[in-house]
Amino acid sequence: MKDYRSQFDALRFSPEEKQAMVESLLAAAPETRRRMSHKKRVHVLIAAVIAAALCAACASGALQAAIQSLSFFLGNQPEQTQVLGEMAQPIGASVTDNGVTLTVDAVLGDKNGYAILYTLSRDDGGPLLQNVDPDANLYNIHFDDGLLTIDPDSDNFYISPVCDPLFTAFRPTDNAIHFFEEWIGPNMEQMNGPARVSLQNFRAGIVSMEIEKEEVAVEGNWTVDFQMTYQDSSIELPIGQTFHGGTNGALTGQIKELRLSPLSLYVTYSYQIDEEKIAEAYDPAMTVEPKEEWIKNEIDCQNVETAIFLNLKDGTREDTGFNGDRDSENKIETRSSAFSEIIPLDTIESISIGDLTIPVPQS
């Protein structure tokens, strides 16, 4: 299984080819804006994580305003603040265009991905949105175009759209808006190095008693170069254990890689599937599918049916959900799950994968 860098190792691009690729991605970005979903809930919480962590670090100025705006998203438990204060890395890089400044406030992450907190503010202290009814309702807040590039001057660069990040609560009278983007996935890797974010034209729809519907724009082209630097918050856990999962324990897996951070869980395992055990579970009274078709469909979903849980010290369990990448030919499954809230590692007793329970070492 290849990560994104190894997939591009053999490729070389001229500056002109890179620019054409960037322009193509920007042109397509508005069509691929991500709307509110379960992942967006994770985004909200990770933004709050940054806020709480930076608050613990005694941030000031514009960054402190961002913290105040974001902090209500997170139950600000002392143990969470302590861990997050060690994770978040303040950045503070900024650029101004047309009297409006874009600031990269902070980053945090692990080997599975990253989160970045930004602020867009008007320099004269006035409202970011000009000539808007203070009582108007805002909707569809977005940038026309947005792109994050890591290692922009290398052949193995990484590109991610930033057109539709998650924005915090924002009123027409506010001088600044805070927003963030987060990516965690099975084929990500720790993103350290030079980075560049480019955003174009901030827009918001407005509705009020006087105006049925219209759009207001803050025009600008903002490009900020910064150093994507954060400490990996992961710990590596023992590997080689065998487990069973799926229908009637039909899936037998062996752990190849397992790591855990307060942000996410990553596991890779090899697997084999016992078709006879699946066939034994067939009940014609419970399905209209022919037996052969039912068995085939069950084989395809055995990894999905193999649940992974965090067992917390307070006696509760956290379902890590499913975000996977499968190499069916070599029978290798990779699972990467962003938690629905930040979880300090010393609150996790163990991890359950199928019928296997793996203790989490305590510091």
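Begin by selecting Arg 317 and Phe 309 in this predicted model, where the charged end of Arg 317 sits over the ring of Phe 309, 4.1 Å from its centre. Then move to Arg 259 and Tyr 266, where Arg 259 lies over the face of Tyr 266, at 3.9 Å from the ring centre.

Next, turn to the aromatic pairs, of which the count comes to 11. Select Phe 243 together with Tyr 269, an edge-to-face pair with 5.1 Å from centre to centre and 85 degrees between the planes. This pair links distant parts of the chain, as Phe 243 belongs to strand β11 (residues 242–245) and Tyr 269 to strand β13 (residues 264–273), 26 residues apart. Phe 243 counts as buried because its relative accessibility is 0%, and Tyr 269, with a relative accessible area of 0%, is buried as well.

Now select Tyr 118, Phe 143, Phe 167, Phe 170, Phe 179, Phe 202 and Trp 222, which ring pairs link into a cluster.

Finally, display the strands β5, β4, β8 and β9, which form an open four-stranded sheet in that order, with antiparallel pairing. At its edges are β5 (158–161) and β9 (214–228), each of which pairs on one side only, and the twist from one strand to the next averages 10 degrees. Within this sheet, select β4 (residues 137–150) and β8 (residues 193–207), antiparallel strands that are joined by 11 bridges.

Conventions:
Residues are numbered from 1 along each chain as its sequence is written. This is a predicted model: local features need pLDDT of at least 70, side-chain atom pairs count only at pLDDT 80 or more; totals for chains, interfaces and linings use all residues. Side-chain values use heavy atoms; hydrogens and water are left out. Two strands pair if DSSP finds at least two bridges between them. Helices (H or I, at least four residues) and strands (E, at least two) are DSSP runs, numbered from the N terminus. Axes are lines fitted to C-alpha atoms, for helices over the stretch in contact, and angles run from 0 to 180 degrees between N-to-C directions. Rings of Phe, Tyr and Trp (its six-membered ring) pair if their centres lie within 6.5 Å; planes under 30 degrees apart count as stacked, over 60 as edge-to-face and the rest as tilted. Buried means under 20% relative accessible area, exposed over 50%, partly exposed in between (1.4 Å probe, protein chains only). A charge sits over a ring if NZ of Lys or CZ of Arg is within 6 Å of the ring centre and within 35 degrees of the ring normal.
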